[in-house]
Amino acid sequence: AKTGEPVELKDWAGCFAMDSIAGAAFGIEVDSLSNPKDPFNTNGLNLLNQRFWILPLVIMFPRMATFLRKLFGLSFVQLSATNFFVDVMQQALKERRLDKKSYGDFLQLLVNIEKEGDSRGSVDAEIDFTDHLKTSTTWTRRSGMNEDEMISNAFLFMLAGYDTTATVLSFTLYLLAAHPDILAKAQQEVDHKVGQEAVTYDKASELTYLDMC
């Protein structure tokens, strides 16, 4: 902005989204804006740049996925990137299980779900109709999550959250830049309600004008 040169907001917002996902879902600190060649960022972009032309074929012909992988080595996502994030998630889970502290992130929620027991007994008897449900005779009830399910949820967190966050954020920043009067009001609210304090969820919830933007 100081030099008057155009700025690609989608790239900047993408770095912010990637760093946020790395911290919330995988429990690691990444600064992809300063270091775009960080392995997490490069593998994340490779994971997100999927071969979308394969998806319709796999949906219509599910067995074709195995055929394409064995014959041509093709898959919907890059296997190297997939293996990278599986390793990262396994290591993150290992460290979080040993850590006695509790964190307010998505990874901690997964670990808590893994540890939780059967909570059926805590349900009010007046609203518990579990015994009246008809279920398969081969179905067994299992509480918590296994590691594969936890890793899958982390993958879904990235796939669903990266581009949506980056697109909305870049478009919002563009609109604020195009309307400096609105930007000034939003900045004034942030300065008044947050100031030099750390931005927390509770503080962000108080930014009603910025939320309307």
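These are my notebook entries on a predicted model of one protein chain.

**Entry 1: the chain as a whole**

I began with the secondary structure. The protein chain has 10 helices and 0 strands. Read from the N terminus, the order of elements is α-α-α-α-α-α-α-α-α-α.

I then looked up burial and surface. Of the 213 residues in the protein chain, 25% are buried. The chain exposes about 15,100 Å², and carbon and sulfur atoms supply 58% of that area.

I also checked how far along the sequence the contacts reach. Among contacts with a separation of 6 or more, 62% are between residues 24 or more positions apart.

**Entry 2: helix 5**

I turned to helix 5, which covers residues 79–98. I asked myself what span its 20 residues should have at 1.5 Å a residue.

Next I wanted to know which residues of helix 5 are buried. They are A81, T82, F85, V88, M89, A92, L93 and R96. These residues cover an arc of only 135° around the axis, so they lie on the same side of helix 5. On the face turned away from that buried side I found the exposed residues S80, K94 and L98.

What covers the buried residues of helix 5? The cover includes helix 1 (9–25), helix 2 (39–48), helix 6 (106–115) and helix 7 (147–178).

**Entry 3: the largest nonpolar core**

In soluble globular proteins, nonpolar side chains tend to be buried together.

In this model the largest nonpolar core has 27 residues, and F26, F40, F85, M89 and M158 touch the most other members. At least two residues of this core come from each of helix 1, helix 2, helix 5, helix 6 and helix 7. Helix 7 gives the largest share, 7 residues.

I picked M89 and listed its contacts. Leaving out residues up to four places away in sequence, M89 touches A25, F26, L107, L110, M150, I151 and A154.

**Entry 4: aromatic pairs**

I looked up the ring pairs next. The structure holds 7 aromatic pairs. In one of them, the rings of F40 and F85 have centres 5.0 Å apart and planes at 85°, so this pair is edge-to-face. F40 is in helix 2 and F85 is in helix 5, 45 residues apart, and the pair links distant parts of the chain.

Are F40 and F85 buried or exposed? F40 has a relative accessible area of 2%, so F40 is buried. F85 is at 0% relative accessibility and therefore counts as buried.

I looked at a second pair, F106 and F157. The pair is tilted, with 4.7 Å centre to centre and 35° between the planes. This pair also links distant parts of the chain, with F106 in helix 6 and F157 in helix 7, 51 residues apart. F157 has a relative accessible area of 29%, so F157 is partly exposed.

I also noted a cluster. Ring pairs link F26, F40, F84, F85 and F155.

N41 has a relative accessible area of 5%; under 20% counts as buried, so N41 is buried. Not counting residues up to four places away in sequence, N41 touches M18, S32 and P36.

T42 is also in helix 2. T42 is partly exposed, because its relative accessible area is 29% and values between 20% and 50% count that way. With residues up to four places away left out, T42 touches P36 and K37. I noted a distance as well: the C-alpha atoms of T42 and S32, 10 residues apart along the chain, are separated by 9.0 Å.

**Entry 5: V86**

At 22% relative accessibility, V86 counts as partly exposed.

Which residues does V86 contact, leaving aside its neighbours within four places in sequence? V86 is in contact with I151 and F155. V86 and I151 are 65 residues apart along the chain, and their C-alpha atoms are separated by 6.7 Å.

Notes: Residues numbered from 1 in each chain as written. Predicted model: local features only at pLDDT ≥ 70, side-chain atom pairs only at ≥ 80, totals over all residues. Heavy atoms only, no water. Helix = DSSP H or I, 4+ residues; strand = E, 2+ residues; numbered from the N terminus. Expected span 1.5 Å × (residues − 1). Buried < 20%, exposed > 50% of the residue type's maximum accessible area, 1.4 Å probe, protein only. Arc of directions from axis to C-beta. Contact = heavy atoms within 4.5 Å. Core = buried A, V, L, I, M, F, W, Y, C linked by side-chain atoms within 4.5 Å. Areas by Shrake-Rupley, 256 points an atom, 1.4 Å probe, with all protein chains shown as cover. Phe/Tyr/Trp six-rings, centres within 6.5 Å; stacked < 30°, edge-to-face > 60°.
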